[in-house]
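Please open the structure in the viewer and display it as a cartoon.

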Amino acid sequence: MIEQMTKKHMKNYELITGIPKYGDLIFADRQEGIYRHFGIYAGNKTVIHFADPDDELDSSKAIVHEIALNKFIDECNVYRIKFPNEYTETAYSEDETVNRAKAQIGKKGVDNAGYNILFNNCEHFAVWCKTGISTSMQSKRFIQAVVTGIGKGYTRDGIRGAIIDTILAIIKF
């Protein structure tokens, strides 16, 4: 299922072997593809993204800021998201995308709402800059997987229960 989903969605992505194009919505595969980190390529070998500027993965410190492209890439594969795609049929121009991203520098993500791994993360920010829609396919797929797992009758015992309890606390059901 995951392999099929990946192949299905890969048609929307293009591996970047050089420098991204100005205004590109890009992501880096992190932890060998376990998750993706998103940003907007702002030219001059810089990316605007929503993360902890100290690289400590402390979500309470996450703000929108500009970073060097090589630091954003961090030796990972980097992809450009092509439009139209699973997010939307339309996208802002390159200039408008970068202007939207720059206008958010110093803020805590979309609507200055603060980082939330499921509802206001780097993907929400970057997709909003490019399309005007604050959404995350990673979050949607994760929630869908959890709901499917619960629906299959997993109990709240042991590790599965701890994971479910953690997820429910994060999304504040």
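**The sheet and its surroundings**

In this predicted model, begin with the open sheet, in which six strands are arranged in the order S1-S6-S2-S3-S4-S5 with antiparallel pairing. Select strand S1 (13-15) and strand S5 (63-68) next: these are the edge strands, each of which pairs on one side only. From one strand to the next, the twist averages 35°.

Now select strand S2 (residues 25-30) together with strand S6 (residues 78-81). These two strands run antiparallel and are joined by three bridges.

Helix H3 (residues 94-103) lies across S3, strand S4 (46-51) and S5, and runs at about 105° to S3. Then select helix H4 (residues 122-131), which lies across S2, S3, S4 and S5. Relative to S3, helix H4 runs at about 40°.

Return to strand S3 (residues 35-43) and select tyrosine 35, which is placed in this strand. Why does tyrosine 35 count as partly exposed? The reason is its relative accessibility of 32%, since the partly exposed class lies between under 20% for buried and over 50% for exposed.

Conventions:
Residues are numbered from 1 along each chain as its sequence is written. This is a predicted model: local features need pLDDT of at least 70, side-chain atom pairs count only at pLDDT 80 or more; totals for chains, interfaces and linings use all residues. Side-chain values use heavy atoms; hydrogens and water are left out. Helices (H or I, at least four residues) and strands (E, at least two) are DSSP runs, numbered from the N terminus. Buried means under 20% relative accessible area, exposed over 50%, partly exposed in between (1.4 Å probe, protein chains only). Two strands pair if DSSP finds at least two bridges between them. Axes are lines fitted to C-alpha atoms, for helices over the stretch in contact, and angles run from 0 to 180 degrees between N-to-C directions. Contact means heavy atoms within 4.5 Å.
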